[in-house]
Amino acid sequence: MSIEPFTIPSFTSEQLSLLKDKLSKTLYPNELEVDVGWTYGAPTWAVKPLVKAWLEDFDWEKPRKEMNQWHHYRTTIQGLKIHFVHEPSNHPDAVPLLLINGWPSTFYEYHKVIQPLRDGELGGQPFHVVVPSLPGYGFSDPPKLKGHGIAENGEILAELMNVLGYDKYLVHGSDWGSVIGSSIAVQHKQQCKGYHTVMPMATPPIPTLGNILFHPFKVAKLCASMIVGPESVYGASEFRFKGKNFADVVNDEDAGYRAIQGTRPYTLSQGLTDSPAGLLSWMLEKFHAWTYHPAQKQDTEALPETITTDEFLTHVSIYWLTQTMASSMRIYYETMVLVRHLTGPAHPRVEVPTAVGYFPAEMSRFPREWLEYGTNLQQWSEFDLGGHFPAMEEPELFVTDIQKFGKMLKSRKAFD
């Protein structure tokens, strides 16, 4: 299987001209005369300065130069050209590491941590770093057929590690990367020797006969939580998940995007593909909601100080340049199809050693005992800063947590 060098491209003059023409002619929606913060979504006062910055100040060539300092490649797996960064370490004890992002992010989520992870900075474990673009995200081909979801992405990325010659490796995932990573850990446990995540999904200890026999206390607590509420049983800080399912907009006002993308992605895609301001606004709402803001700035700043305007616009520009927002969203539809027909556990137990790093602004959180039940939990870390994109928001904390886990696995000779 051939591996071809790849270079992050420039915008063509035609692409750049069209983008600037559309941005300069942006029409803004009618809004209420009273300030409602972010409760109705991304407000115009937050969108306008970023549209202006994209039009007048942002220079794609600067992040393009930064990205092209790394070694980029593409290879064909299951008929799709898959883009990835591959930065092997010079350290003889380096461990292969696969970093997987989710939506609405891109491989650029890891731009601050590639070099320190590769070089073992701060005296930590070094890694051979692999950062792919998921199929349909940025510079990887979009899936061509129905049914391409979590498991299919996992198989492609597991095959990518095989193509690179890594028969034992560590996987990290955020957002969709978390569930894709857990799929790799379950299906390829002979190769995947460790699973690190910042957004773990957990199957609760439901009252099956086996669980009643072997986990009676956990089952009793779960049953009690269904009566008086999980916060009352596990503690308000230990459980953060609204709604009864993936797209329960009645009980979770933040689930609206999942409901739309999981049921009618084509209709939404029309607007996001044609309007750069619409694309920016749709992404901004999530980058605002899922990142850590000091309490006094939660409603008054669009992006936290930890994510610059240029960083955010780089993500947006990748989607606009490649026209892949539509294909990136389809994983929600495929997941909704699976959820409707699910007969077994949504998240099979992860038997390989697992590490969880919890950042305070992460959108969901489950009790530690659920994760101990659903995974082979070996490392648990909690941080005071950061959110859904910790590799961008708090890169040093992120790097040291993965290094700690990698060093532990290395000491247990998991990669020998």
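Predicted model: local features only at pLDDT ≥ 70, side-chain atom pairs only at ≥ 80, totals over all residues.
Colleague: How many helices and strands does the chain have?

Modeller: There are 17 helices and 9 strands, where helices (H or I, at least four residues) and strands (E, at least two) are DSSP runs numbered from the N terminus. The radius of gyration, taken over C-alpha atoms, is 21 Å, close to the 22 Å that the globule rule gives for 416 residues, so the chain is as compact as a globular protein of that length. That rule is 2.2 Å times the number of residues to the power 0.38.

Colleague: And what percentage of the residues count as buried?

Modeller: Of the 416 residues, 54% count as buried, which means under 20% relative accessible area, whereas exposed means over 50% and partly exposed lies in between (1.4 Å probe, protein chains only).

Colleague: Let's go to α6. Where is it, and how many of its residues are buried?

Modeller: Helix α6 covers residues 176–187, and its 12 residues reach 16 Å from the first C-alpha to the last, close to the 16 Å expected at 1.5 Å a residue; the expected span is 1.5 Å times one less than the number of residues. This helix is mostly covered, with 10 of its 12 residues buried, among them W176, G177 and S178.

Colleague: What covers them?

Modeller: The cover over the buried residues of α6 includes the strands β4 (95–100), β6 (169–173), β7 (192–197) and β8 (350–358), together with the helices α5 (150–163) and α14 (325–340). Contact here means heavy atoms within 4.5 Å.

Colleague: Which residues does UniProt list as the active site?

Modeller: The unreviewed UniProt entry places that feature at D175, Y332 and H388; its positions are given in the numbering used here, feature names are shortened, and annotations may be inferred rather than shown by experiment.

Colleague: Is Y332 buried or exposed?

Modeller: Y332, which sits in helix α14, counts as buried because its relative accessible area is 2%. Leaving aside neighbours within four places in sequence, Y332 is in contact with residues including W103, D175, W176 and R258.

Colleague: What about H388, where is that one?

Modeller: H388 is in the loop between β9 (375–382) and α16 (390–393), and H388 is also buried, with a relative accessible area of 1%. Not counting residues up to four places away in sequence, H388 touches several residues, including E109, D175 and W290.

Colleague: You mentioned R258. Which side chain makes a polar contact with the R258 side chain?

Modeller: The side chain of D252 does, at 3.2 Å; a polar contact is a pair of N or O atoms within 3.5 Å, where within protein one must be able to donate a hydrogen and the other to accept it, and residues adjacent in sequence count only if both atoms are side-chain atoms. D252 lies in the loop between α9 (230–234) and α10 (256–263), and D252 counts as buried at 6% relative accessibility.

Colleague: Last one: which helix holds K286?

Modeller: K286 is in helix α12 and, at 5% relative accessibility, counts as buried. Apart from neighbours within four places in sequence, K286 is in contact with W103, P104, D254, Y257 and F389.

How values were computed:
Residues numbered from 1 in each chain as written. Heavy atoms only, no water.
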